[in-house]
Amino acid sequence: MQEAISIAPQLAASPIAEILWLIPAVPMAAAGLSALLKQSARKTSASLAIGSLSFSLLLSLIAFVHVLGNWMGGITTREVVNLTWIQFGTSNVDLGWVLDPLSAIMLVMVSFVGLLIFIYSIGYMKSDENYTRFFCFMSLFAGAMLGVVIANSLLLLFMCWEIVGLTSYLLIGFWYQKPSAAAAAKKAFLTTRIGDVFFLLGIVWLFAQTGTLLFYNGGSGSIEHAALAGLLSQPAAFGLSAAGAIALLIFAGAAGKSGQFPLHVWLPDAMEGPTPVSALIHAATMVAAGVYLIARVYPLMAAGALAGGTTTALTVVTWVGAFTAVFAALIAVAQNDIKRILAYSTVSQLGYMMAGLGMGGVAVGIFHLITHAFFKALLFLGAGSVIHGCHEEQNVRRMGGLKADMPLTFLTYAIGMLALCGFPLLFSGFWSKDGILEAAQHWSVAKTPFYMLVFGALLTAFYMTRQVAYVFFGHWRGGKPAHESPAVMLAPLGILAFFAITLGFIGTPAWPWFRAFLNGKAAGFDWHVLMERELMTLMGVSALVVFIGIGVAWSLYGDRSPKPTASDSLEKFAPTAWGWLSHKFYVDEFYGMTVIAFYAWWGRVSDWLDRRVWGGIVAGVAWAFSLAARLNRFLDTNVVDGGFDKGCEELTVGGGLLSRVQTGRVQTYLRILALAVVALAALLIWSSKA
Amino acid sequence: MTPLAGYLLVSIGLAGALTRRNAILVLIGIELMLNAANLNLIAFWRYGPHPESLTGMMFAIFSIAVAAAEAAVGLGLVIQIHRHAKTTDLDAMNRMKG
């Protein structure tokens with residue numbers, strides 16, 4: 001199913017490509033500036049953040065229109081600007097940025113969604129005293145994320161990637177007074193670090209093999225044809241070529257960032273952060289960075305594939321993605337925290353994207369990434385609005401009946417939920433998910449991922465319906481009555497809802513504009529494609545699955561309003577399975593028993609080694625030195641000092657003796673002198689005779 | 001013969017300088033030894049290998065001039081000592097011992 005990509009070789013960079021670096025630089029500068037502001041400078045910091053991101057959005061739109069213009073003119077371009085960062089010996093470390101359809105689309109998505117979430121944050125964070133710090137971190141995040149998007153060098157990408165990880169850490173732990181938030185921040189940082197170590201290994205290996213970390217450099221980049229041919233001919237281990245091994249290492253980094261099994265554990269805990277953070281970082285953009293990374297290095301991932309075939313790396317990506325999609329969706333079924341459900345849903349959808357990349361190529365995965373970014377940001381912001389309206393209540397079982405109290409939130413949330421479920425024809429999630437299912441259906445290796453993903457779609461419809469039924473239907477089960485959110489929070493919801501619907505139409509099978517744009521083809525409108533038997537069946541299956549999911553969930557949860565303490569409807573059916581699901585398959589406990597227990601044991605061993613062995617050695621050395629010092633002191637006082645004193649005494653005595661000679665009688669001196677002269681004369685005379 | 005006269009004069013001067021207790025007489029003995037040296041300079045020049053080049057005479061004249069200055073300094077010292085200690089007896093001048 002993978003289409004050949006026809007993108008023209010590098011042209012001379014256009015003016016907009018030359019200044020592309022401003023897009024990440026301006027929000028980063030804004031972050032730096034607002035770091036200098038006082039806590040009370042609330043308006044300034046918010047305006048700095050929003051202003052800088054608006055500027056980035058403007059530039060991104062110009063860049064996008066520029067690429068779009070080229071594409072409509074028939075040439076899809078990839079413009080790169082490279083510069084040497086460090087030079088040592090004969091090798092260079094280059095940095096650079098790239099403007100091609102992929103980065104242009106991502107730039108617009110990140111800056112647009114980011115801007116909406118920034119605006120929303122004005123309302124959401126209104127009563128937080130650390131408002132200034134919040135916007136500082138958010139700007140830093142936005143800048144770094146845009147940097148990831150434009151990077152043409154794996155190194156630059158990695159740098160921004162790490163800044164993004166840092167801001168994620170800072171923002172999850174934004175309410176660091178809460179121990180759970182601090183723990184979640186640490187967990188996120190450490191878990192993604194595991195992936196990043198592999199990623200870094202991949203980077204180093206790639207540099208060692210190709211001598212460059214630039215993606216594209218007029219034919220000599222590391223993922224261009226020449227370098228890939230070299231990498232393919234280099235065997236690594238287990239029958240993999242170096243290209244395959246490096247691709248897998250890079251995928252490990254992407255899996256950490258994008259919450260793929262088994263590194264997904266940090267993402268649900270990351271919901272401890274403020275909700276706009278969850279929306280921006282842990283749903284729409286940062287977690288998609290892993291998917292974007294795979295798309296960016298796609299030539300490397302796909303290197304060595306035969307026509308229509310696949311590679312080890314892509315197969316691994318597919319299986320991990322498909323497994324994560326089902327696994328996380330299952331967990332989401334049994335969660336009660338409104339944000340946690342969405343978090344597991346995000347993990348699941350990221351699995352879809354990965355599977356889409358693995359089976360259908362860049363366009364399929366990225367299309368789902370883009371639509372997901374919009375509707376998941378919408379859902380998170382809607383959840384934030386709900387939490388805000390319910391006085392910081394997050395348990396869906398203590399909500400209910402909000403459809404009357406928060407009509408606008410309900411409306412937008414319902415749109416987001418339908419888009420996420422993949423409700424047929426109207427919503428964007430349907431088209432992007434169908435693209436992935438279609439690719440899965442035609443995958444040459446196995447059909448299992450297809451069934452897994454269909455099952456995942458059923459679960460998605462189920463858990464989203466369950467959530468919506470709990471939150472918006474039935475009657476209010478909380479304490480104080482809920483209230484609707486202010487306009488500054490509702491407006492972004494409306495805009496996102498609009499895109500959650502319309503964005504799907506740029507990538508329907510009838511008009512595959514998105515795919516054509518990314519792959520550098522012309523997009524034709526063909527109504528009849530929709531009528532093809534195969535596609536009709538697929539869409540029918542997909543729609544049926546969604547209806548079943550929604551229907552089953554509605555019959556179980558719709559308008560029931562169970563007491564918060566009563567057991568869940570599903571729990572009554574299968575208590576054991578429910579236990580597994582609500583405990584997230586005990587993955588955290590498993591890690592606690594294995595990895596963390598091992599590290600704790602290892603920590604104790606190290607502590608023991610430190611105290612007993614190394615400490616003992618250090619103490620022994622110190623003791624030996626102290627002994628030597630005592631000996632030295634003894635020698636000093638008794639031998640050296642004594643000898644010196646004795647010498648001085650002898651000198652005094654000698655001087656006293658000599659002074660006796662000096663009588664003061666001049667004539668005695670003269671006598672001695674005369675005697676000496678006589679003696680000398682005698683000696684001279686005697687010696688001259690001889 | 002003249003060197004012999006020189007030796008004689010040195011011996012007389014040395015004996016005077018060593019045996020006399022009066023500082024002035026010791027000075028006179030020293031002057032005698034100096035003049036013996038001058039006599040020897042003249043004699044060794046006159047009967048030496050280069051009598052044509054007046055070096056010995058120049059040396060002697062120079063020496064006599066220095067001796068005159070030295071005698072003046074010595075006498076000055078003796079006068080000062082006499083003023084200080086009211087004596088010119090050298091055996092009483094023993095305060096410069098170590």
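Me: What percentage of the residues of chain B count as buried?
Reply: This is a predicted model, and burial here asks for 20 or more other C-beta atoms within 10 Å of a residue's own. Of the 98 residues of chain B, the share that counts as buried is 15%.

Me: Which elements make up chain B, and what is its radius of gyration?
Reply: Chain B holds three helices and zero strands, in the order α-α-α from the N terminus on. For 98 residues the globule rule gives 13 Å, and the computed value is well over that, so chain B is more spread out than a compact globule, with a radius of gyration of 17 Å. Along its principal axes, the C-alpha trace spans about 50 × 25 × 25 Å.

Me: How far does helix H3 of chain B reach from its first C-alpha to its last?
Reply: Helix H3 of chain B covers residues 55-85, which makes 31 residues. At 1.5 Å a residue the expected span is 45 Å, and the model comes close to this with 44 Å.

Me: Which residue just after H3(B) takes a positive phi?
Reply: The phi in question is about 60 degrees, and the residue that takes it just after H3(B) is Lys86(B).

Me: How many residues of chain B that touch chain A are nonpolar?
Reply: The contact draws ten residues from chain A and eleven residues from chain B. On the chain B side, three are charged and two are polar, while the nonpolar ones number six.

Note on methods: Residues numbered from 1 in each chain as written. Chains lettered and ligands numbered in written order. Predicted model: local features only at pLDDT ≥ 70, side-chain atom pairs only at ≥ 80, totals over all residues. Helix = DSSP H or I, 4+ residues; strand = E, 2+ residues; numbered from the N terminus. Expected span 1.5 Å × (residues − 1). Contact = placed C-beta atoms within 7 Å. Nonpolar A, V, L, I, M, F, W, Y, C, P; charged D, E, K, R; others polar. Rg over C-alpha atoms; globule rule 2.2 N^0.38 Å. Buried ≥ 20, exposed ≤ 12 C-beta atoms within 10 Å, placed from the backbone.
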